[in-house]
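Thanks for sending this one over. Have a look at the structure below, and then at my notes on a few charged residues.

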Amino acid sequence: MASYLKLLLSLLFFIFFSLASATGAEQHPLDSLSPAEFTLVQNIVNKSYRNPHHNLTFQYVGLNEPDKPLVLAWLSHPTTKLPPRQALAIIRLNKQTHEIIVDLSKRQVISDEVYEGSGYPLLTIEEQSAAIELPFTYEPFIESIKSRGLNLSDIVCSTFTVGWYGEEKSRRVLKVQCFTKKDSVNIYVRPIEGITIIVALDEMKIVGYGDRLRATVPKAEGTEYRASVLKPPFGPKLSRVAMVQPDGPGFEINGHMIRWANWEFHLAFDVRVGPILSLASIYDLEKQEFRRVMYRAYISELFVPYQDPSEDWFFKTFFDCGEFGFGLSAVSLEPLTDCPSNAVFLDGYYAAQDGSPTNISNVFCIFERHAGEIMWRHTESGIPNETYREVRSDVSLVVRMVSTVGNYDYILDWEFKPSGSIKLGVGLTGILEVKAVNQTHTTQIKDDEHGTLVAENSIAVSHDHFLTYHFDLDIDGTANSFVRTGLVTKHVTEPGVPRKSYWTAVTETLKTESNARIRLGREPFDFAIVNPNKKTKPGNPVGYRLIPGSVSSPIMFPGDYPQVRGAFTNYNVWVTPYNKSEKWAGGKYVDQSHGDDTLAVWSQRNRDIENKDIVLWYTLGFHHVPCQEDYPMMPTLSGGFELRPLNFFERSPVLKVLSPPPVPLPNCTGRP
């Protein structure tokens with residue numbers, strides 16, 4: 001048995017390193033910037049603005065995506081010259097925001113525009129780290145900590161964006177609030193209430209300070225979550241399991257291209273949105289060709305408004321992609337716990353504040369999911385004296401990333417299935433954001449505390465999560481339409497039939513953006529993207545259907561300032577014509593934005609979307625009223641939705657799939 005385990009571990013070790021280090025592929029037009037390209041951008045920009053008195057910081061550096069027609073032309077003839085390779089660099093220079101386009105082949109800046117509108121660019125880790133150190137040398141803060149009987153050495157601080165509340169002009173600032181780590185590292189459930197610090201980022205100094213109230217700091221007892229310091233009893237006990245693929249992974253990674261079963265797609269990493277999946281195509285066994293489903297897709301924005309309007313909390317309405325960066329907040333995945341033993345890991349890179357390339361190891365894991373699901377089955381017992389049973393076990397391919405934005409951890413899954421479906425999964429876990437109060441029991445609460453008393457002196461504040469996905473679907477080509485199918489109740493008119501009613505499907509092609517703004521859950525509708533120019537043999541247009549998950553929509557007033565900025569969540573579904581510049585639903589500059597550059601604003605042009613290159617936007621929402629089971633560590637709350645073929649194939653694409661053969665292992669019968 002020992003030699004068997006040694007062989008197995010050696011095999012997994014070889015698979016991991018041989019695939020994860022594969023770098024021999026030729027460059028693709030949609031590849032993320034490489035470390036060498038980040039360094040090149042850094043050198044070109046610094047050389048262009050060489051001045052010892054300049055305070056230059058890189059807020060965002062990423063691929064300046066080539067024009068779509070150029071990419072499609074290259075894909076049709078991939079031996080030809082690549083489209084121009086360019087980078088977009090958003091920098092702060094002498095308190096101004098510059099949008100810079102760098103041509104990497106020419107090694108020069110080809111465009112530099114100073115942005116003068118509302119909002120500020122993505123925050124950097126370095127400026128946030130510098131901001132949270134300032135209170136420790138600020139005398140009023142030191143006195144506030146001492147007056148509460150706390151030790152400065154036990155205090156840690158965190159940054160919070162301030163939002164926008166009608167000001168014509170604003171300064172680039174953050175708020176800093178602090179916590180205690182004494183006797184527990186679970187800091188977010190142990191806030192020091194009442195102290196607010198305002199930091200000006202360009203000057204990196206404290207420009208505002210308030211200490212207006214006192215509340216009991218919640219106890220450390222029972223809040224620790226580290227296995228190394230928890231004490232028995234432990235439980236419930238979970239049995240071990242082994243995942244063995246003796247033939248190695250069923251997928252191939254060639255540069256950024258991934259091929260598995262009947263799927264192929266491109267995977268890239270971006271500091272703002274995290275994973276970007278492009279050029280997803282599925283092999284049609286009958287037509288003997290790959291057919292395009294999706295040109296480009298990613299999570300465009302995540303809006304998290306907390307629902308406490310008090311002075312110390314009202315501003316907590318976060319835009320995690322545009323303010324903090326989903327990619328910037330990505331964490332290294334742990335083998336065997338974040339991802340199963342058959343996973344392959346890939347790294348990601350981003351530009352630090354000085355422009356230098358920074359590595360996030362194991363930022364993605366890719367694995368085949370064998371979860372005991374059934375792909376399809378049928379038992380035929382309707383034929384006299386005969387019984388037939390056919391079952392196919394389901395296997396899927398998962399691309400996973402985890403982003404930890406402050407207290408919350410977001411588990412992002414993109415799951416590809418042999419049936420042609422793409423399932424999008426989101427898991428919310430981590431730590432609740434807690435407000436310290438003096439009450440210890442619900443009977444002591446007389447006013448609305450805007451959350452749930454989950455422990456003594458601890459109100460977990462209610463909040464929302466709205467994740468807006470961007471899907472540039474190209475269903476068998478770029479010219480697509482958005483169709484709505486209503487399920488309409490009809491009266492039975494046929495004589496002699498005792499039924500009084502039935503429903504029938506009525507399909508309508510939506511022609512403009514205003515027609516395609518959809519609030520789900522009000523009427524029984526199905527929605528799909530179809531290619532009206534491509535039809536199946538029976539005459540149905542080929543398409544993909546949106547199967548929503550649980551529906552949650554904003555409850556705040558539309559004119560409330562946070563909702564003006566987050567107006568892209570006003571509808572669950574939007575459809576817009578493809579526009580290269582319309583990719584971030586909350587706008588390019590989200591921090592303190594005025595809501596004047598969002599998906600809701602772009603859509604007001606009411607452009608034609610029939611038989612055009614169109615983009616589907618879908619918002620997955622959660623209303624979260626916390627409960628005690630979410631404390632002190634929140635079990636994963638999962639949600640998701642699906643894109644599923646709709647008359648895309650002539651018949652089931654998995655009819656001829658055979659279940660994977662079993663792997664012989666000792667005691668594989670399941671008996672003890």
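1. Start with the surroundings of Glu433. Bear in mind that this is a predicted model. Leaving aside residues up to four places away in sequence, Glu433 touches Phe160, Tyr306, Trp313, Lys316, Asn407, Ile459, Ala460 and Val461. Glu433 itself belongs to the loop between strand 21 (422–430) and strand 22 (434–436).

2. Is Glu433 buried or exposed? With a relative accessibility of 4%, Glu433 counts as buried, because buried means under 20% relative accessible area. Lys316, one of the residues Glu433 touches, also has a side chain that makes a polar contact with the side chain of Glu433, at 3.1 Å.

3. On to salt bridges: how many does the structure hold? There are 39 salt bridges in the structure. I picked out a few that you can find by residue number.

4. Asp308 counts as buried, since its relative accessibility is 2%. Lys435 counts as buried too, at 7%.

5. Next, look at Arg545 and Asp526. Here the salt bridge has its closest N and O atoms 3.2 Å apart. Arg545 sits in strand 29 (residues 541–547) and Asp526 in strand 28 (residues 525–535), so the pair links distant parts of the chain, 19 residues apart.

6. Now for Glu582 and Arg605. In this salt bridge the closest N and O atoms are 2.3 Å apart. The partners are 23 residues apart and link distant parts of the chain: Glu582 is in the loop between strand 30 (573–577) and helix 8 (599–602), while Arg605 is in the loop between helix 8 and strand 31 (614–624). Glu582 is buried, with a relative accessible area of 4%, whereas Arg605 counts as partly exposed at 48% relative accessibility.

Key. Residues are numbered from 1 along each chain as its sequence is written. This is a predicted model: local features need pLDDT of at least 70, side-chain atom pairs count only at pLDDT 80 or more; totals for chains, interfaces and linings use all residues. Side-chain values use heavy atoms; hydrogens and water are left out. Helices (H or I, at least four residues) and strands (E, at least two) are DSSP runs, numbered from the N terminus. Buried means under 20% relative accessible area, exposed over 50%, partly exposed in between (1.4 Å probe, protein chains only). A polar contact is a pair of N or O atoms within 3.5 Å; within protein, one must be able to donate a hydrogen and the other to accept it, and residues adjacent in sequence count only if both atoms are side-chain atoms. Contact means heavy atoms within 4.5 Å. A salt bridge is a side-chain nitrogen of Lys or Arg within 4 Å of a carboxyl oxygen of Asp or Glu.
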